[in-house]
Amino acid sequence: MKRGRGSCNFLNQLAHILSKLQNKKMIHWSLEEHILDLKFNWKISRGSSQTKTIYIVKAQLEQLCGEGEVAGLTLAERTNTLIPQYFEEFKSQSIQTLSDALKLQLPSHLKFGITSALTDLEAQLQKKSISQLLNKKLKHSVPTSFSLPIMEPEEIESFFKLYDLNRFSSLKIKIDQNSGIKACEKMAQLYKGPLRIDANEAFTDHKQVLEFLRTLKNQKIEMIEQPFAVNLIEEAILLKEKSAYPIFADESLQEQDIDSSLARAFHGVNIKLMKAGSLQQALKQLLQAQNLGLKTMLGCMVETTIGISSALQIADAFDYYDLDGFLFFKEEPFKRVMEKGGHLNLVS
């Protein structure tokens with residue numbers, strides 16, 4: 001059947017627009033810095049902070065603008081302050097396509113900002129949502145856990161009531177070797193749902209972790225996340241063999257592919273876009289983890305709703321969700337996601 005002239009014109013116009021997207025010179029790149037105050041002191045085993053610096057990458061083509069967030073580790077200020085320099089170096093390169101951007105050698109959170117801005121722009125050009133562009137089913141309501149920073153046990157009750165934490169179906173509690181037992185015991189008095197324990201590499205010996213977990217045997221523990229530093233692989237393997245609770249990788253999973261070596265040490269993985277470097281790599285990690293029989297959690301940094309909205313576009317098929325980072329800001333500026341009753345939804 002012959003195509004009409006209108007159909008040909010449309011295809012020519014679409015090809016012309018897509019050719020512009022592939023030409024970096026036609027895209028206007030910009031980077032915005034935002035220093036945002038947190039509602040509370042964000043304390044984990046490596047330190048604490050009361051502000052978070054994030055950047056928004058914008059890729060503008062005529063009237064369309066794709067956006068991506070850059071949100072690194074809250075406590076890695078030196079790396080965060082270098083983002084504008086890395087971004088200027090990126091702008092000087094001749095990046096022609098998204099596939100070229102995916103090969104960039106950059107800090108993973110900046111790479112994510114760039115690749116997600118391009119993905120957002122391409123979705124707009126094709127008049128699709130990002131989930132449609134990536135052939136993913138959009139999950140319309142996602143339950144998230146809420147994370148408590150390290151604090152004194154006597155502070156937990158007032159924090160719990162102030163932020164109405166009973167509305168969440170699970171809570172994550174940050175611990176170190178000193179605070180863990182008493183903090184978890186206090187949480188068990190206040191909250192009847194499951195707890196996720198995040199050690200952020202606080203332990204050095206699998207026997208320490210096993211003893212810690214034995215003290216919690218009457219509590220609802222859903223998982224323990226990254227008990228050891230990345231290099232303590234043998235300790236992680238020994239712990240996995242003996243633990244009554246699932247052990248999840250966080251810091252041990254960055255931009256790399258997931259292979260059997262990670263599966264030897266963990267029952268599951270926390271996949272974060274800012275560490276994966278792109279939506280595409282995060283989806284690849286998801287498939288690899290599933291093929292290895294690993295449980296999967298879609299996680300986040302302390303980041304705004306620009307980053308969280310990107311995560312929601314690929315949220316289908318994960319086992320767990322930890323996408324509460326935007327709830328920590330005193331004033332979240334973008335309002336792309338709303339939370340109600342512990343569930344997240346995209347704002348249309």
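Start by selecting helix H9 (residues 206–214) and helix H10 (residues 233–242), whose axes, as lines fitted to C-alpha atoms over the stretch in contact, come within 9 Å and cross at roughly 30°. This is a predicted model, in which local features need pLDDT of at least 70 and side-chain atom pairs count only at pLDDT 80 or more, while totals for chains, interfaces and linings use all residues. Residues are numbered from 1 along each chain as its sequence is written, and side-chain values use heavy atoms, with hydrogens and water left out.

Now show the side chains of His206, Val209 and Leu210 in H9 together with Glu235, Leu238, Leu239 and Lys242 in H10, which make the contact (heavy atoms within 4.5 Å). By class, this contact of H9 with H10 has four nonpolar, one polar and two charged residues.

Next, select helix H3 (residues 83–91) and helix H5 (residues 108–125), which pack at an angle of about 50° with their axes 11 Å apart. On the H3 side, Ile83, Tyr86, Phe87 and Phe90 meet His109, Leu110 and Ile114 of H5, and the residues of this contact divide into six nonpolar, one polar and no charged.

The largest pocket has a volume of about 450 Å³, the space filled by probe spheres set on grid points joined across faces, edges and corners. Here a pocket is an open set of points on a 1 Å grid over the protein atoms alone, where a 1.4 Å probe fits, with protein on both sides within 12 Å along at least five of seven lines, and lining residues have an atom within 4 Å of a point. Finally, select Arg46, Leu73, Thr74, Lys272 and Met301, the closest to the pocket's centre of the 31 residues that line it.

Key. Axes fitted to C-alpha atoms, helices over the stretch in contact; angles between N-to-C directions. Helix = DSSP H or I, 4+ residues; strand = E, 2+ residues; numbered from the N terminus. Nonpolar A, V, L, I, M, F, W, Y, C, P; charged D, E, K, R; others polar.
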